Amino acid sequence: MSVFRCVVFLTLYNQVCGVFHKLYCTVSENCDCDFKPNIKDLEWDLYKNIYGQHLAQDIVSEEVATFLQNKSPDRPLVLSFHGSSGTGKTLVSTMLGNHLYGSAMSSPYVHQFVPTLHFPLPHFVKKYRVELKSWVEGNLTDCGRSVFIFDEMEKMPPGLIDVLEPFLGPNHIVFRTNYRKAIYVFISTTGEKVINKVMEENRQAGREREEIRLTDLQDDIAQTLYNHNTSGFFHSSIIKKKLITCFVPFLPLSRHHVERCVRSQLCQRDSCNRSDVVEAVGGDMIYTPVPGQYFSTTGCKAVSAKINFFL
């Protein structure tokens, strides 16, 4: 009988807590209320709308799922996206925000930094370091589940990003806020030469792109970031101390992938049956290397403008 009473008590207690939580969220702005991760939808979005990126699809979905399943992570999730323009890096970061908070850039808990906008003058690095540290710390104090997206890292003044090192390591708790539940995403074209070289060698050897593994690229990407003097991670302690959870390669896209992008955008305009536009846009893109004309130099980035021209 006592066991039955305990079960009833716990059931009622959970229901009451749920009601109070809903009431609290209706009158309060709090990231715990807005944080509604949907990993299944994220996985579906990645596999449906990201083309030719088996590594990015698998890594992002697995790393995010594993991280969120851990109620007490020992460090934040830090992902670094690398690859040519138009391969889906920014789109994936937006998907991540959408499936954690319902909307990416409109959420007060998803923060984006663009170096040319926020840190345009290299000689102001000391000032930027103070501002960035204060800004990140303030937002983490407000919401330990904050998501920080740093775009165009190849344009980030060297030495600036290292101010985040204390936030990226293990066991970092300040002002009783658990900073280890945050997610950081760095986006960069640095490393594209390494990725494209492996991709071309793989193609010449007659292997499928899906045979490329993360181990084929991760160490070379890290070394390129650390040694490239135009990289925001040039001689960075973040790289040296291995605080990046995973380097995520985005492979160059072939004409087949570009045409899938075209068809997807046409369907959004209720023009799915315009195969003539699909072929025209695919044929009008610039591909490299020149002898093989195999990989799109701009990925899917110029697709929308070309659709407008041919439609």
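# Rings, sulfurs and charges

Tutor: Phenylalanine 167 and tyrosine 179 are both buried. The model is a predicted one.

Student: How many aromatic pairs does a search of the whole structure find?

Tutor: The search finds 14 aromatic pairs. One of them joins tyrosine 101 and tyrosine 109, with ring centres 5.6 Å apart and planes at 40 degrees.

Student: Why is the pair of tyrosine 101 and tyrosine 109 called tilted?

Tutor: Stacked needs planes under 30 degrees apart and edge-to-face needs over 60. The planes here are at 40 degrees, so the pair is tilted. Tyrosine 101 and tyrosine 109 are buried.

Student: What makes the pair of phenylalanine 167 and tyrosine 179 tilted?

Tutor: Their planes are at 35 degrees, so this pair is tilted as well, and the ring centres are 5.6 Å apart. Phenylalanine 167 is in helix H8 (residues 165–168), while tyrosine 179 is in the loop between strand E5 (177–178) and strand E6 (183–188), so the pair ties together parts twelve residues apart in sequence.

Student: Which residues do ring pairs link into a cluster?

Tutor: The cluster is made of Phe113, Phe119, Phe124, Tyr128, Trp135, Phe150, Phe186 and Phe233.

Student: Where does arginine 203 lie?

Tutor: Arginine 203 lies over the face of tyrosine 294, 4.6 Å from the ring centre.

Student: How do you know that cysteine 31 and cysteine 143 form a disulfide?

Tutor: The sulfur atoms must be within 2.5 Å. Those of cysteine 31 and cysteine 143 are 2.4 Å apart, and a disulfide joins the two. The torsion about the S-S bond is about 100 degrees, so this disulfide is right-handed. The pair links distant parts of the chain, 112 residues apart: cysteine 31 is in helix H2 (residues 31–34) and cysteine 143 in the loop between helix H7 (125–142) and strand E3 (147–150).

Student: Why does cysteine 31 count as buried?

Tutor: Buried means under 20% relative accessible area. Cysteine 31 is at 5%, so the residue counts as buried. Cysteine 143 is at 0% and is therefore buried too.

Student: How many disulfides are there?

Tutor: The count comes to three. Another disulfide is formed by cysteine 261 and cysteine 300, with sulfur atoms 1.9 Å apart. Its S-S torsion is about 75 degrees, so it is right-handed. Cysteine 267 and cysteine 272 also form a disulfide, their sulfur atoms being 2.0 Å apart.

Student: Why is cysteine 267 called partly exposed?

Tutor: Partly exposed lies between buried, under 20%, and exposed, over 50%. Cysteine 267 is at 31%, so the residue counts as partly exposed. Cysteine 272, at 35%, is partly exposed because its value falls between those cut-offs.

Student: What makes the contact of glutamate 165 and lysine 241 a salt bridge?

Tutor: A side-chain nitrogen has to be within 4 Å of a carboxyl oxygen. For glutamate 165 and lysine 241 the N to O value is 2.5 Å, and their side chains meet in a salt bridge. The pair links parts of the chain 76 residues apart. Lysine 241 is at 51% relative accessibility, so the residue counts as exposed.

Student: How many salt bridges does the structure hold?

Tutor: The structure holds eight salt bridges. Among them is that of glutamate 201 and lysine 197, whose closest N and O atoms are 2.6 Å apart. Both residues lie in helix H9 (residues 192–204), four residues apart, about one turn of the helix.

Definitions and conventions. Residues are numbered from 1 along each chain as its sequence is written. This is a predicted model: local features need pLDDT of at least 70, side-chain atom pairs count only at pLDDT 80 or more; totals for chains, interfaces and linings use all residues. Side-chain values use heavy atoms; hydrogens and water are left out. Rings of Phe, Tyr and Trp (its six-membered ring) pair if their centres lie within 6.5 Å; planes under 30 degrees apart count as stacked, over 60 as edge-to-face and the rest as tilted. Buried means under 20% relative accessible area, exposed over 50%, partly exposed in between (1.4 Å probe, protein chains only). Helices (H or I, at least four residues) and strands (E, at least two) are DSSP runs, numbered from the N terminus. A charge sits over a ring if NZ of Lys or CZ of Arg is within 6 Å of the ring centre and within 35 degrees of the ring normal.
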